[in-house]
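Please read the points below with the model open beside them.

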Amino acid sequence: MIGELEREMQSSEGLPLSWYDILVNLECAPDCRLRMQALADSILLSRSGLTRLLDRMAAAGLVRREPCPEDRRGTYAALTGQGR
């Protein structure tokens, strides 16, 4: 079932299903952004797996990283206009 959804999403939207999952999570989040750890937890990826995925999505202009003003060690993943 997941494989079929992946093929349909790739065919119709040109996006991998995992990218779509991230975009939906960010769209539903306050200010369209989430801490990296919260995003990793919501899509069941390791933080390192999410980092690699977000690198590709940022290169495509769909998301950006923002520093967390409350915690210098933290980073937000934020939806861009193109990602929306």
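1. E8 has its place in helix α1 (helices are DSSP runs of H or I with at least four residues, strands are runs of E with at least two, both numbered from the N terminus). At 46% relative accessibility, E8 counts as partly exposed; buried means under 20% relative accessible area, exposed over 50%, and partly exposed in between, with a 1.4 Å probe and protein chains only. E8 and G81 are 73 residues apart in sequence, and their C-alpha atoms are 24 Å apart in space.

2. On the basis of the note: this is a predicted model, in which local features need pLDDT of at least 70 and side-chain atom pairs count only at pLDDT 80 or more, while totals for chains, interfaces and linings use all residues. Residues are numbered from 1 along each chain as its sequence is written, and side-chain values use heavy atoms, with hydrogens and water left out.

3. Helix α1 (2-13) has twelve residues and reaches 16 Å from its first C-alpha to its last, close to the 16 Å expected at 1.5 Å a residue. The expected span of a helix is 1.5 Å times one less than its number of residues. G14 follows α1 and has a positive phi, near 75°.

4. Helix α2 (17-28) also needs a remark on span: with twelve residues, α2 reaches 17 Å from first C-alpha to last, close to the 16 Å expected at 1.5 Å a residue. Its buried residues are L17, W19, I22, L23 and L26. The cover over these buried residues includes α1, β1 (33-35), α3, α4, β2 (63-67) and β3.

5. Which residues of the largest nonpolar core touch the most other members? Of its 22 residues, they are I22, L23, L26, L39, L50, L54 and M57. A nonpolar core is a set of buried Ala, Val, Leu, Ile, Met, Phe, Trp, Tyr and Cys residues joined through side-chain atoms within 4.5 Å. The elements that give two or more residues to this core are α2, α3 (36-43), α4 (47-59) and β3 (75-79). The most comes from α2, with five residues.

6. L54 can be checked individually. Leaving out residues up to four places away in sequence, L54 touches I22, M36, L39, V63, R65 and A77, where contact means heavy atoms within 4.5 Å.

7. T80 is in the segment after β3 and is buried, with a relative accessible area of 13%. Its contacts, not counting residues up to four places away in sequence, are G61, L62, V63 and R64.

8. A29 lies in the loop between α2 and β1. This residue is buried, at a relative accessible area of 10%. A29 and L79 are 50 residues apart in sequence but 9.6 Å apart in space, C-alpha to C-alpha.

9. C28 counts as exposed, at 64% relative accessibility, whereas C32 counts as buried, at 10%.

10. R33 lies over the face of Y76, at 3.9 Å from the ring centre. A charge sits over a ring if NZ of Lys or CZ of Arg is within 6 Å of the ring centre and within 35 degrees of the ring normal.
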